[in-house]
Amino acid sequence: MPETLKALFKDIEKRMKSAIHVAEDELSHVKTGRAAPALVENFEVEYYGTMTPLQQIASISTPDARTIIIQPWDKNVLQAVEKAIWKSELGFNPIVDSNIIRISVPPLTEERRKEIAKLAKKIAEEAKVSIRNLRREANDELKKREKAGDISEDESKKSTAEVQKMTDQYINEIEGLWERKEKEIMSL
């Protein structure tokens, strides 16, 4: 295999692994039943005209298993934090109490578990789309190189099969992440 193809495969594999890491990170923020800072720390809050993750503008704590306390460092951003929480897909009802925001994490109903599972499924699907787009990019690059005469038709076909094998591997990895998360969500 020519060095240029090795470099292409290395790049595509690196980017596919990155898609897996992003999905893992996003799924780790889909928590169930217990209060955890990770539930809210990445909420985007408008902070002086810039969208900023909540964890960069406030301290977040969990005094007990059902409560999240958010204390913005700047009192002027309190309303923006409250708005970001309302807009989230988690369905929290924030309570503004002087300089802090309290969130009570309700116990999960069967309906709420299904909603959370849907959210996790959406994250997994987005990761799979990302990996399929990378496959398409790699295949387009292989066709371009074959047309330019850089690689033979056989090398192109072999390489396309290798890209598909890599794609299948990472899609299966995402499916495994999703299945574990769904089991975690539905078994609480």
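**Salt bridges in the predicted model.** The structure holds 10 salt bridges, a salt bridge being a side-chain nitrogen of Lys or Arg within 4 Å of a carboxyl oxygen of Asp or Glu. This is a predicted model, in which local features need pLDDT of at least 70 and side-chain atom pairs count only at pLDDT 80 or more, while totals for chains, interfaces and linings use all residues. Residues are numbered from 1 along each chain as its sequence is written, and side-chain values use heavy atoms, with hydrogens and water left out.

Helices (H or I, at least four residues) and strands (E, at least two) are DSSP runs, numbered from the N terminus. Arginine 15 is partly exposed at 31% relative accessibility (buried means under 20% relative accessible area, exposed over 50%, partly exposed in between; 1.4 Å probe, protein chains only).

**Close-up of strand S4 and its neighbours.** Strand S4 (residues 67-72) has five of its six residues buried, so the strand is largely enclosed by the rest of the structure. Strand S3 (residues 58-64) runs antiparallel to S4, joined by five bridges (pairing requires at least two DSSP bridges between strands). Strand S6 (residues 100-104) also pairs with S4 in the antiparallel sense, over four bridges, with threonine 67 opposite serine 104.
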